[in-house]
Amino acid sequence: MSAIELIQYVSEALYVWIFVLTAWRAIERPRLASIEIALLFGAATVVVAESLVFVVLGVPPPQVVSDLAGALLLLLPYILLRLVDEFAGVPPVVLHLAELALAASIIALFAGGQPAPLWVVLLAVAYFVLTTLYVTVAFVLAARESRGSTARRMTAVAAGSCFLALDIFVAGIGAVLPGAAQPLAMLGGLLGLASGLAFYLGFATPDWLQRSWREPEMLAMLERADDLAAQADTPGMIRQLEAIVSMTLGLPHSFAMLWNEAESLLEAVPEQAFSPAQLEAMGASMSPDGDLLRVKPGTMLAGRCFELQQPIYSENPVRDDPAHADLYRQAGVHAILAAPMRAGGERFGVLGVYTQKPRLFAEDSLGRMRLMAHQAAIVVRTRRLLERNAELRGQEEVSRLKDEFLSSATHDLKTPLTAIKGITQWIRRRITPGRDINADDLRVDLGRIEAAAERMTSLVNELLDISRVQMRKPLELTQGNVDLASLARDVCQHHQEMTSRHEVRIDEASQPVTGRWDGPRLERVLDNLIGNAIKYSPEGGEVRVSIRKCTDEASQDWAVLDVRDGGIGIHAEDADRIFDRYERGRNASQLGIAGTGIGLAYVREIVAAHGGRVAVQSEAGKGSTFTVWLPLSGPKEGGSSPEPS
Ligand code: ADP
């Protein structure tokens, strides 16, 4: 057997093998594209079988048989063109021209006699080469628009078509230059083999190769899936999932639906606004905030995929889901591919794409979609577990802080109570029969009892306020004329007496800053802010309180209070949060500084009740400045505070 013969037999065997594989696939999943592919290699197989029979018989094939083989061969480019038309569309004029040329070539072949006249050969070669080159370009373009293994399979088919065109071209040259038949036959044989191999990789891709082609795209997908964790809400997560599907499959129209267990509905981000009639036709509704489209499981093809928990590929949604035919038509949906998101036996939703044309390698896309849906489900599940965990830990922390608050409140109450008890016992011991009690001493002691009782009253009032804050009830103010500067002076002095490591200073305004406020409540504000400034400066240092007046654009007068320290500061991410109940800065807990996260929530509530505002400017490790704006006229409907200056 010569080398040329060997090459020819190998490539023929390859074509027959591809036929077996693609025919099997077409029987398993009888779709137009898979049937056309099987027909393509079926035609090639008949030609191979025919030539083999006559080689074995040792006689030349009769005229009609070789004409038939030639006609079958001429069918190959046409079937390839139909395939391209299926998934990418071919202009009708090109299709008709190819049909005309095919018919003319076949007629000329049958009418031309044996051997075929040169013009018949040239006509057939021209038709074959031009059509196959058109197919090559179409597959190259489709490959550029696709991703991953689909793109590679398309490229392999393009290469196969190109080699086939060259093979026939070389055969055409052989017919024109009979002298060069030998080397051209060798070249033709090699091109035939190359086309067989490329078609094998494209149309009958072995599993191991598909897996290795998929790997990089799956890795890229997983990398992007990381961003899912950063999405704060359901619409964000849905959009991210859609971006991942579009990127991985290279298709613009993707959709993700997340399962809302509580409502027993699938939620999607709608691409467009739907009219009530459309919503009704879909059996869908919008979420109360209008962000999400909600669909019952089992509704439309995607809902059916979720209900059955099985991937779905429909080349004809109008036929497969006639109840919603109009919707598919309006949206130009001609093919749908969807896979359920499922992990650890839990259902998380559906991922899918829809296209204007059927997919050529639909089983390939469906396989990737299943993998993606599974990976996405794992990411969503992990994220939900983490969220649940954080929520539980948050609840534990809140309950711990509540306990702490209760115990410190009880402790605070005990101090004046002990004082009252001690002084009354002391007085009782002095009331002995026959002994005069010194009235001045008694007055002093009663004064101390009164002061302790007042301290208790103020503590109980504070506790009542805080319980109102906790129950989110508004505070009721008792307004009077209050001099903020003198109040601040007293509070500063009180705190200075309790610390030797800090210097508590006050910068007062040149004139008194007096407003219609609730004095005891503002005292709580000052007490909390100055107390915090000292507590969160564990190394000691200066705490500076300043008070000034300002007038805003609406000519409203404001008192502005700053409490500045050089302590541990606050991380930017915590700055807003710390004004909420039971919220603490991360560095406060890390440094083991005790607290309950209630004080600033109380401060904000008091300031807001006065029509004012509180804010903080801080840098972790460098200190903080808390600023309070209070309208001098007291609380006012619809009043607003000026921006920090
Ligand atoms: P507590 O001090 O009891 O934790 P607060 O509501 O008064 O509760 O304060 C909330 C959090 O704000 C504190 O836990 C701390 O992290 C942060 N914070 C408040 N004041 C300061 C300050 N002057 N410097 C640094 N962090 C502060």
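Trainee: Which helix gives the largest share of the lining of the second largest pocket?
Mentor: Helix 6 does, with eight residues. This is a predicted model, so local features need pLDDT of at least 70 and side-chain atom pairs count only at pLDDT 80 or more, while totals for chains, interfaces and linings use all residues. Residues are numbered from 1 along each chain as its sequence is written, and side-chain values use heavy atoms, with hydrogens and water left out.

Trainee: OK, and how much space lies in that second largest pocket?
Mentor: About 1,500 Å³. Of its 39 lining residues, Val47, Gly70, Leu73, Ile168 and Ala171 are the closest to the centre. (On a 1 Å grid over the protein atoms alone, a pocket is an open set of points with protein on both sides within 12 Å along at least five of seven lines; a cavity is a set where a 1.4 Å probe fits but cannot get out; lining residues have an atom within 4 Å of a point. Points join across faces, edges and corners, and volume is the space filled by probe spheres set on them.)

Trainee: Which helices supply at least two residues of that lining?
Mentor: Helix 1 (3-28), helix 2 (32-57), helix 3 (63-87), helix 5 (118-145), helix 6 (148-176) and helix 7 (181-203). Helices (H or I, at least four residues) and strands (E, at least two) are DSSP runs numbered from the N terminus.

Trainee: What's the lining like by class?
Mentor: The pocket has 24 nonpolar, twelve polar and three charged residues in its lining. (Ala, Val, Leu, Ile, Met, Phe, Trp, Tyr, Cys and Pro are nonpolar; Asp, Glu, Lys and Arg are charged; the others, Gly among them, are polar.)

Trainee: Switching to strands: what's the order in the open sheet of five?
Mentor: The order is 9-11-12-14-13, with mixed pairing. Strand 9 (502-507) and strand 13 are the edges, each pairing on one side only. (Two strands pair if DSSP finds at least two bridges between them.)

Trainee: How do strand 9 and strand 11 pair?
Mentor: They're parallel, over six bridges, and strand 11 covers residues 541-551. Asp507 stands opposite Ser546 in strand 11.

Trainee: Why is strand 14 described as largely enclosed?
Mentor: Nine of its nine residues (623-631) are buried, so the rest of the structure largely encloses it. (Buried is under 20% relative accessible area, exposed over 50%, partly exposed in between, with a 1.4 Å probe and protein chains only.)

Trainee: Which residues are on each side of strand 14?
Mentor: In a regular strand, side chains alternate between the two faces of the sheet. Gly623, Thr625, Thr627, Trp629 and Pro631 take one side, and Ser624, Phe626, Val628 and Leu630 take the other.
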